[in-house]
Amino acid sequence: MPLVIQIDTASAIHVHRQIYDAWRRGILTGRFVAGDRVPSTRELAGTLGVSRSTVSQAYDQLVSEGYLETVRGSGTFVCRELPDLPLRTDRVARRRAAPRSVTLSLYGSELLEDYPDDVRRPGFVCFSQWEPDREEFPWRLWRRLLARHSRSPSFGVFGYADEIRGDEALRREIASYVGRSRGVNCTPSQILVVNGSQQGLDLCARLLFDRGDSVIVENPGYPGAIRSFKAYGAALKVAGVDREGIVCQDLPDDARVVYVTPSHQYPTGVSMSLNRRLEILAWARSRAAVIIEDDYDSEYRYSGSPLPALQGLAQEVPVIYCGTFSKVMFPGLRIGYLVLPESLVPTFTRAKRLADNFTPILEQMALRDFIAEGHLERHVRRMRRLYGRRRAALLESIRRHLGDAATVYGDDAGMHSFVRIVDPELRKRADRNKVQLRSAQNCFLDGNHPYEYLFGFSSLSERAIRDGIRRLARH
Ligand SMILES: Cc1ncc(COP(=O)(O)O)c(C=O)c1O
């Protein structure tokens, strides 16, 4: 067996210790594996130019600690049962029995269900994703803003943040943006910058209920929220969704937390009527409940004007407004925000600190300028026109090629459409004709929904959309 052990004669560490360390490290890092033969003391002593007794001393210690074993008449070998298992590499672990399983927390054991990723299939027209169109983002400008702050003389962006809640100037920009665009009523001190709205939802789940407490979700609803609440032990109560949004008659008496997507219900795309907004606020007031309002893509409304956020209508009722830059900029940014009732700010801030300390500062600074200099709203206006045309192309193609089999739900808004297509052959045809579909099944908390689909259109050109729907119809 080749063995390269560097002996440092000038070192204060005794040679037998150096030999011992080299073998031990080699075994723990997987360089030598169980059953490997080791050179005899004579051989190694000769190779290293040291006395045999020095090597024997090292070997004796390795044997006594269970790294090596001697087999009478055969020689010395790396032991079959090795100590210090946690330090060993995959290579060793793979050759040996897997370590015993670890007992998970209740939260961990709720995560055993796997959620397959939706991977783009090469050559397919992909309706199953609806990210912002990456080609359209002003990357050069964004890079300039990042560079501006990474050159700042204080290098403050590279240290620990002064403010866990997020950069103060950014919070001012966000407060003013949500005020003018969504009618959210808040001061910058109520804003908590988070790593995407998913972190906002996770913090809500940690802080607003205990295991076994009832939490109301829309059905169908947003799997990202539902799974998180469930993993934290929520007793999920479902409320149906109709043309006016969540059905308030379905709201049970015993829940203190309700999660809704009022401006563009996920996944159906309907917006909550004013009546329903008032109803849910009255319900929350009488039950002392808190509302989580997920306003993930309300910027994209292609006709009519959006109703202001529920948060802006609420008096007395605590509403946690959850916003994100994933849809109006790009999801890799991982910046979202919560607008919290004042009384919840300290607790959410402490929880955010324990979760990940704070959101990266450099991106926060660049984002602050992006909003303050008017780029965000300019970009949103441009994307609204573009996505509006793409949605129109989708609807027109569906009408033309799929006819009565298809019903499109929801408002003229968003980056995806919820479509029911009653056609048992559709999936097979999609596969054959290279169209990637997304079933809406995982948004439902009851029953089988084989004919409901989500069609993303924001990152496809009008041409690709028309081509994709045409292919869907092709027999
Ligand atoms: C309804 C809804 N809420 C929240 C999110 C999460 O967004 P973020 O990227 O900010 O975590 C999404 C993402 O698609 C969403 O559809």
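**Reading the features**

Q: How is Glu-163 classed, buried or partly exposed?
A: Glu-163 is partly exposed, its relative accessible area being 26%. Buried means under 20%, exposed over 50%, and partly exposed in between (1.4 Å probe, protein chains only). The model is predicted: local features need pLDDT of at least 70, side-chain atom pairs count only at pLDDT 80 or more, and totals for chains, interfaces and linings use all residues. Residues are numbered from 1 along each chain as its sequence is written, and side-chain values use heavy atoms, with hydrogens and water left out.

Q: Which residue does Glu-163 meet in a salt bridge?
A: A salt bridge is a side-chain nitrogen of Lys or Arg within 4 Å of a carboxyl oxygen of Asp or Glu. Here the side chain of Glu-163 meets that of Arg-165, with 3.1 Å from N to O. Arg-165 has a relative accessible area of 19% and is therefore buried.

Q: How many salt bridges does the structure hold?
A: There are 33 salt bridges in the structure. Some are joined: Arg-148, Asp-167, Arg-368, Asp-369 and Glu-373 are linked in a network.

Q: Where in the chain do Asp-213 and Arg-256 lie?
A: Asp-213 and Arg-256 form a salt bridge, their closest N and O atoms being 3.5 Å apart. This pair links distant parts of the chain, 43 residues apart: Asp-213 is in the loop between α8 (196–208) and β6 (214–219), and Arg-256 is in the loop between β8 (245–246) and β9 (257–260). Helices (H or I, at least four residues) and strands (E, at least two) are DSSP runs, numbered from the N terminus. Asp-213 is partly exposed at 24% relative accessible area, and Arg-256 is also partly exposed, at 42%.

Q: Which elements hold Arg-276 and Asp-242?
A: A salt bridge joins Arg-276 to Asp-242, with 2.8 Å between the closest N and O atoms. Arg-276 belongs to helix α10 (residues 274–287) and Asp-242 to strand β7 (residues 235–242), so this pair, too, links distant parts of the chain, being 34 residues apart. Arg-276 counts as buried at 10% relative accessibility, whereas Asp-242 is partly exposed at 32%.

Q: What is the order of the strands in the open sheet of three strands?
A: Two strands pair if DSSP finds at least two bridges between them. The order in this open sheet is β1-β3-β2, and the pairing is antiparallel. Both β1 (37–38) and β2 (68–71) stand at the edges with a single partner strand each, so one side of each has no neighbour in the sheet.

Q: Which residues stand opposite one another in these pairs?
A: β1 pairs with β3 (residues 75–78) over two bridges, and Arg-37 stands opposite Phe-77 in β3. β2 and β3 pair over four bridges, again in the antiparallel sense, and Val-71 stands opposite Gly-75 in β3.

Q: What is found in the turn of the hairpin formed by β2 and β3?
A: Three residues lie between β2 and β3, and Gly-73 in the turn has a positive phi of about 85 degrees.
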